[in-house]
Every structure is written in C-alpha cells, then in structure tokens.
Amino acid sequence: MKTKQIILQARPVGKPTPDDFKIVEIDLPALQSGQLLLKGLYFSVDPYMRGRMNDAKSYTAPFKLNDAINGGVIAEVIESKSEKYSIGEIVVGALPWQVNCVITDDAALQKIDAKYEHPSYYLGALGMPGLTAYFGLLDIGKPKTGETVVVSGAAGAVGILVGQIAKINGCRVIGIAGTDEKAKELVETFGFNEVINYKTTTDLKAAILGTCPKGIDVYFDNVGGEISDAVIANINFNARIVLCGQIALYNNTEVSMGPRLQPILLTRSVLMQGFIVSNYADRFEEGTAKLKLWMDEGKMIYKETIENGFENLPKALIGLFEGKNTGKMIVRI
Ligand code: NAP
C-alpha cells in the first residue's frame with residue numbers, strides 16, 4: 001500500500017516557507033502481528049514544532065532532514081493485527097505526518113471515545129494545549145479571586161483557555177491579541193474583560209496600564225518580546241509570571257535584546273517560572289478530567305480553525321506565525 005508523507009526538506013532560516021517541506025509517496029510495510037494500520041483524521045500544528053525544525057538541542061529532539069515530520073494526530077484504526085486495538089477505534093498520539101501509517105501496538109496511544117462529538121478537541125482543549133493552560137495557570141500562576149490576569153497570545157489554542165480558567169477562578173482577565181476581530185470575539189464570546197490589539201496600539205505599556213488600573217497579579221506569557229516587556233513594566237508586587245511560550249522570538253536569527261527585567265522582578269518580589277507541560281505528565285488524567293468537566297458543564301467553550309487537506313499541513317503550521325488561527329489550528333484530512 002502506498003501513502004503520502006510530508007518530510008522536512010530544509011531547515012528554515014527565519015520564518016518557515018513551503019519550500020522547507022516536501023510531500024512524497026512511500027510504500028507502507030505489510031502489517032505484522034502486533035501492528036496497526038492507522039488513517040489520520042485530524043493533525044495538530046503547534047508552535048513548538050518550529051523549534052524542532054532547527055538542528056539544536058532542546059527538550060524534544062530535532063526533526064531529521066528528509067524524514068517525516070511528527071506531531072499530535074487523531075487517527076482511526078483501519079486494520080489491526082493486535083489484540084489491544086480493533087478496527088474503528090479512534091486514537092490520539094504522536095504520529096508521523098502521513099495519511100496512513102503502520103505502528104506497533106506498544107506505541108504511546110490514547111483511545112478516545114469514537115462517539116465524542118469533537119474528537120479533534122483531544123489535540124486542543126482536552127489535549128496538550130488544554131493541559132498547558134490548566135497546569136501553567138493554576139500551578140504556577142495561582143490566581144486568586146479579584147486578581148488581574150493578563151494573557152498574551154490570548155486568541156490561540158492555549159490563551160483562549162487561560163482566560164476562561166482565570167474567569168472560573170474569579171479573576172479580571174485582559175487579553176492581548178493581533179486583530180480587532182479576535183479581540184471582539186474574546187470579549188463577547190469567551191468572557192474576557194478587555195482585549196488589546198497589540199498590532200494597532202502605539203503605546204502598549206500605557207494601554208496595559210489603562211486596562212489594569214490595579215496592576216497585574218498574574219501574567220501568562222505565550223509570546224515574549226516587546227509585548228511581554230510592556231506587560232512586565234506594569235507588574236504588581238508578589239505577582240506570578242507564567243513563562244509558557246515565546247513565539248515572537250521563534251523565527252529570530254539573532255538573539256533579541258530587551259530591557260533588563262531583573263530589577264523589576266527583584267524589587268517587586270515577582271516569581272517568574274518557565275515550564276514544559278510534560279513536567280505534569282503524572283497529573284494529566286486529573287487535568288483532562290477537569291477540562292472535560294468544565295466543557296460538559298458549559299463553563300468553558302472552545303474554538304478551532306480548521307484547514308482541510310493533508311497537503312495544507314505546512315501552510316497551517318506557517319499560519320501560526322501569521323496569526324491565521326483563532327483557537328486551535330487543526331488540519332482535517
Ligand atoms: P496559538 O496561540 O494557537 O498560535 C500562535 C498565535 O501566536 C498566532 O495565532 C498569533 O496570534 C500569535 N503570534 C504569532 N506570532 C506572534 C508574534 N510575533 N508576536 C505576538 N504574537 C504572535 O499557539 P498555542 O499552541 O496556543 O501556543 C501558544 C504559546 O504557548 C506558544 O509560544 C507555544 O510555543 C507555547 N506553548 C508552550 C507549551 C509548554 O509546555 N510550555 C505548550 C504549548 C504551547 P495573534 O493574531 O494574536 O498575533
């Protein structure tokens with residue numbers, strides 16, 4: 001059987017381009033005992049993948065040149081020579097960017113309810129981004145009722161949840177996002193108190209002070225760069241900064257310089273802590289259960305931006321760096 005695969009053809013310098021990827025056709029091996037044939041249904045594109053395109057040491061290994069890209073995928077079992085999986089079951093796991101793939105049944109796959117209305121949410125609100133928002137905000141941010149929480153990258157897969165979890169915890173929530181449409185939707189549909197469009201605001205520091213007259217108690221940082229400089233200038237005594245992502249810097253080819261933040265952190269007794277969601281792997285079950293409960297109770301809602309077609313995976317990934325998504329960016333086959 002033949003299938004399509006997307007490989008990393010070149011390591012990007014700066015923002016990735018379509019030429020960094022290539023679609024190839026490969027032969028799949030015949031299914032052996034203990035193996036499954038999967039068909040990809042929904043593919044996740046995530047900002048961390050940009051880091052894996054570099055040949056640099058990090059918390060995940062770099063993608064190999066001329067090898068399949070690999071990421072979060074929801075797939076259907078279409079053939080099984082394993083007692084653990086049956087045809088028709090739906091699984092989520094880290095899988096290659098291939099329309100079909102053969103894997104062994106000891107791979108780290110999670111079965112999901114085939115009848116669940118939104119299986120792709122297991123790549124978003126009920127998956128890695130949801131757990132990132134949940135543990136980052138609650139475990140590091142420790143928001144208290146009446147406090148002010150600012151979240152950058154507010155309209156994205158993680159940010160849209162951070163704002164809602166902060167509201168559930170009784171906080172005033174200010175988002176920062178890149179278009180007026182996103183800002184309007186975050187306020188009207190997702191319950192944010194106010195949202196600043198960082199692309200049209202000339203004095204971000206003043207705008208943040210205007211929306212946070214009592215200062216900022218928790219900053220959930222998804223983007224870094226000048227946006228975070230402006231937020232941290234307004235940070236309160238004993239505030240917590242949750243260092244989740246730095247997407248504004250991922251395509252930089254030189255080390256970016258900014259203000260020295262240590263005097264502010266020191267004199268205001270601020271905690272700033274980075275984290276990787278996998279630090280919380282032993283509590284994922286707890287996080288997923290809570291997120292699912294909030295979704296089922298209607299306390300939390302979610303949104304996806306869906307691109308159709310396997311060949312659009314590179315375009316969707318590049319789109320993250322152009323603000324093309326609201327909520328989770330997904331590619332549906
Ligand atoms: P996302 O927010 O769904 O997608 C990226 C968004 O970032 C875009 O839609 C865009 O929205 C914004 N953006 C792109 N370039 C920007 C720039 N130069 N300056 C400011 N904003 C920019 O992505 P996500 O999956 O939710 O991830 C959000 C952040 O969390 C990323 O930095 C990611 O690496 C990080 N993350 C960390 C962990 C962890 O374990 N620590 C786990 C998951 C994600 P606008 O229209 O608003 O510009």
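**Close-up views**

**View 1. An oxygen atom of the ligand sits 2.7 Å from an N or O atom in the side chain of Tyr-250.** Taken alone, the ligand exposes 910 Å², and the protein buries 92% of that. Accessible areas come from the Shrake-Rupley method with a 1.4 Å probe; for residues, only the protein chains shown count as cover.

This is a predicted model: local features need pLDDT of at least 70 and side-chain atom pairs pLDDT 80 or more, while totals for chains, interfaces and linings use all residues. Residues are numbered from 1 along each chain as its sequence is written, and side-chain values use heavy atoms, with hydrogens and water left out.

**View 2. The shell around the ligand holds 27 residues.** Lys-182, Tyr-198, Tyr-250, Val-277 and Asn-325 come nearest. A residue is near a molecule or strand if one of its heavy atoms lies within 4 Å of it. By class, the shell has 17 nonpolar, nine polar and one charged residues. Ala, Val, Leu, Ile, Met, Phe, Trp, Tyr, Cys and Pro count as nonpolar; Asp, Glu, Lys and Arg as charged; the others, Gly among them, as polar.

**View 3. Helix 2 (residues 128-141) crosses helix 8 (residues 284-296) at roughly 100 degrees.** Their axes come within 10 Å. Axes are lines fitted to C-alpha atoms, for helices over the stretch in contact; angles run from 0 to 180 degrees between N-to-C directions. Helices (H or I, at least four residues) and strands (E, at least two) are DSSP runs numbered from the N terminus. Helix 2 contributes Gly-130, Leu-131, Tyr-134, Phe-135 and Leu-138 to the contact (heavy atoms within 4.5 Å). The contact residues divide into seven nonpolar, three polar and two charged.

**View 4. Lys-142 has a positive phi of about 40 degrees, although it is not a glycine.** Lys-142 lies in the loop between helix 2 and strand 8 (148-152).

**View 5. Thr-267 is part of helix 7.** Its side chain reaches the backbone oxygen of Pro-263 at 2.8 Å.

Terms used:
A polar contact is a pair of N or O atoms within 3.5 Å; within protein, one must be able to donate a hydrogen and the other to accept it, and residues adjacent in sequence count only if both atoms are side-chain atoms.
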